[in-house]
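Please read them with the structure open.

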Amino acid sequence: AIGSGHGAIVRSNYSGTAVRSDNSFQYVSPVFSGFDVSYLQANKQTKANNGASASASTGLIAQQSQFTSALGAYDLMGTKEASVSYTNGPLAARFTNLKEDTQQVGGSTGTVFTTNTLGANYALGDAKVFLWNQSIKAADDSVKTAGTTVSATYTMGATVLMAQTGSVKSSAGATNGLSSKMTSIGADYNLSKTTALYGRYESIKDEAKLIAAAATMDVNASGTRTRLGLGIRTAF
């Protein structure tokens, strides 16, 4: 989602799970010596009436009863995103600064969230290593997290092996000082250019309570869970 205009990182309940930031524009520069920059902006919308009930005489719309996030957000947070990327030879990297303004959105007090993200990968022959680092901070200190993951892939003919480990630490609220950690391994076996067998295994220990668990998932008191996936995929 970073740098694309897609709103996958959403801090406001009033933004729902929208794929894009509504009414946004984005500029992406040409590439100069491997560098390019981009900027996205979507202005905040706080136009819904915050009255407790609708009035037939005035024609006012009741925000609480006649608007629902299930059918679409009635207010939209303001979004500003600036990024710079570099691609040259075996190295590719991007840094993004994202600001999301939820103040007075949906009639709530709200705050401003700042998310800084760095992603990079480097190719070493048949191997490739990856780095991801992200920090999220709310202006009112209600949210403050920082996380890093490192990953690697190794290709041997039709087989691609992969591994990842990382953690996210919380520095706010009841989870201050706690971390959520994940370790995973996987493999793809390419049957053709479009079809592959795959396997994945993940172990997650969510002490910081940062991951929303499915209601049917068995999670113990420490937030530990494991997941195993086996299957076949095809692209066309």
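1. Is K205 buried, partly exposed or exposed, and what is its relative accessible area? In this predicted model, K205 is partly exposed, with a relative accessible area of 38%. That value falls between the cut-offs, since buried means under 20% and exposed means over 50%. K205 belongs to strand β10, which covers residues 195-206.

2. On one strand pair in detail: β3 (residues 78-88) and β4 (residues 91-101) run antiparallel and are joined by 11 bridges. Among the residues involved, V84 has F95 in β4 as its bridge partner. As background, strands of a sheet pair through backbone hydrogen bonds, in either a parallel or an antiparallel manner.

3. On aromatic pairs: how many does a search of the whole structure find? The search gives two. One of them is formed by F25 and Y39, with 6.4 Å centre to centre and 55 degrees between the planes, and it is tilted. The pairing cut-off is 6.5 Å between ring centres, and the distance for F25 and Y39 is 6.4 Å. F25 is in strand β1 and Y39 in strand β2 (residues 35-42), so this contact ties together parts 14 residues apart in sequence. Y39 counts as partly exposed, because its relative accessibility is 31%.

4. On F35 and Y86: the ring centres are 4.5 Å apart and the planes meet at 45 degrees, so this pair is tilted. Angles under 30 degrees would count as stacked and those over 60 as edge-to-face. Because F35 lies in strand β2 and Y86 in strand β3, the pair ties together parts that are 51 residues apart in sequence. How exposed is F35? F35 has 43% relative accessibility and therefore counts as partly exposed. Y86, at 22%, also counts as partly exposed; the cut-off for buried is under 20%.

Methods. Residues numbered from 1 in each chain as written. Predicted model: local features only at pLDDT ≥ 70, side-chain atom pairs only at ≥ 80, totals over all residues. Heavy atoms only, no water. Pairing = 2+ DSSP bridges. Helix = DSSP H or I, 4+ residues; strand = E, 2+ residues; numbered from the N terminus. Phe/Tyr/Trp six-rings, centres within 6.5 Å; stacked < 30°, edge-to-face > 60°. Buried < 20%, exposed > 50% of the residue type's maximum accessible area, 1.4 Å probe, protein only.
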